[in-house]
Structures are given as C-alpha cells and as structure tokens.
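Student: I would like to learn how to read a model like this one, feature by feature. Please show it first.

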Amino acid sequence: MMYSKTVMDHFRSPRNVGVIEDANGVGEVGNPLCGDMMTIYLKIEADRIADIKFQTFGCGSAIAVSSMLTEMAKGKSLEEAKKITNKDVAEALEGLPKNKLHCSNLGADALQLALKDYEDRKAGKPRVETERVEKHDHGSGDKCYCPYCDVEVKEGVEFCEACHSDLKEEH
C-alpha cells in the first residue's frame, strides 16, 4: 500500500511539533525495537486542550500519526479527547499500511497517557514511570498475528521473527 496524500502532507509538514515547557500533561510511549518513540505534551485549561505538541523519533508514519493526532485533539474537551482511538487516527490519515498500524497505536496511547498524567497531577498523585507493554492481538480464527507487521506467529511465541518485535502478553 502506498501512503495517502494526507499521510505524506503530515509527514512533510508536521503540525504542532515541539515541547510545551510548562505542560500539565505528558505522555511518552515507544517501541525501541522498531525505533518509534513519541512524547505528547498537553496544556489544558478549563478542561480543554488549549495547546498540544509532540516530539517523535521514528518513521514517516509515526511522524504523520503524531501530527494528525495533535490536530484532532487540539481544542477538544478532556472527555472528547479520551474517545480518540488508534482507528480514528488511521482513518483521519486515510489509512496506513498494515505494517505501520502500530504507529497509530503509539499516538493514541501517548495521548491517553498524557491525559492520565494531567488528571493524576490535578489529583495530587505523584508521577510514576511505567514500562510500556505492547499488546498482542489475535486475528480471526485460531491463528495469531503480530500486531506490528501482521505476519502469522505461532501460539505462545513472545518474539516476532519477521519484524523483531517483542510480544510480551501471553497468547
């Protein structure tokens, strides 16, 4: 699959790149094996995303996802932003190749972590760094597929031979 015009536009001219120094919500995700690392910074005022920025180290898809995600979330209420899913981001980009769909997961995950960080700070909870666990999704029927490259993997395998991704969840 070739990249859509929308993906290429957001890759070539990403929106909302940067850091918000006084961010009141930060979400960091990444998969060092595939090289995609993403940080989302939020400035929330009156329960709305007043500003959102990102820093992404990764492929063109990861950059396009970050850019599109920030455009989708900017100005939204917290409740509206919580409803943004990886599928929403991929659809807004007019699709991503199967082996790049994990990038949309990273974007949605980073936003949700940033929203949680904001709520935790507001509630006075200390920020706790947690290790990201990549989810392993089963395909239809009895077969398992890698969520990163869509290659069939054997039941019980914790490492995808095709894309070298760690599949930490039990099958």
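Student: How are α1 and α2 oriented to each other: roughly parallel, roughly antiparallel, roughly perpendicular or oblique?

Tutor: Some conventions come first. This is a predicted model, in which local features need pLDDT of at least 70, side-chain atom pairs count only at pLDDT 80 or more, and totals for chains, interfaces and linings use all residues. Residues are numbered from 1 along each chain as its sequence is written, and side-chain values use heavy atoms, with hydrogens and water left out.

Tutor: Helices (H or I, at least four residues) and strands (E, at least two) are DSSP runs, numbered from the N terminus. Axes are lines fitted to C-alpha atoms, for helices over the stretch in contact, and angles run from 0 to 180 degrees between N-to-C directions. Under 35 degrees counts as roughly parallel, over 145 as roughly antiparallel, 65 to 115 as roughly perpendicular, and the rest as oblique. Here α1 (residues 5–12) packs against α2 at an angle of about 90°, and the axes are 8 Å apart. The two helices, α1 and α2, are therefore roughly perpendicular.

Student: Which residues of α1 and α2 meet?

Tutor: Contact means heavy atoms within 4.5 Å. From α1, the residues are T6, V7, H10 and F11; they meet G60, I63, A64, S67, M68 and E71 of α2. By class, this contact has five nonpolar, four polar and one charged residues. Nonpolar covers Ala, Val, Leu, Ile, Met, Phe, Trp, Tyr, Cys and Pro; charged covers Asp, Glu, Lys and Arg; the others, Gly among them, are polar.

Student: What span should α2 have, and how far apart are its end C-alpha atoms?

Tutor: The expected span of a helix is 1.5 Å times one less than its number of residues. With 14 residues, α2 should span 20 Å, and its end C-alpha atoms are 20 Å apart, which agrees.

Student: How many residues of α2 are buried?

Tutor: Buried means under 20% relative accessible area, exposed over 50%, and partly exposed in between (1.4 Å probe, protein chains only). In α2, 12 of the 14 residues are buried. One of them is S66, whose relative accessible area is 0%. Leaving out residues up to four places away in sequence, S66 touches M38, F54 and T56.

Student: Where do residues other than glycine take a positive phi, and are they buried or exposed?

Tutor: N16 is one, with a positive phi of about 65°, and lies in the loop between α1 and β1 (25–31). N16 counts as buried because its relative accessible area is 12%. E94, in the loop between α4 (86–92) and α5 (101–122), also has a positive phi, near 65°. At 51% relative accessibility, E94 counts as exposed.

Student: How far apart are D36 and L106 in sequence and in space?

Tutor: They are 70 residues apart in sequence and 8.3 Å apart in space, C-alpha to C-alpha. D36 is in strand β2 and is buried, with a relative accessible area of 2%.
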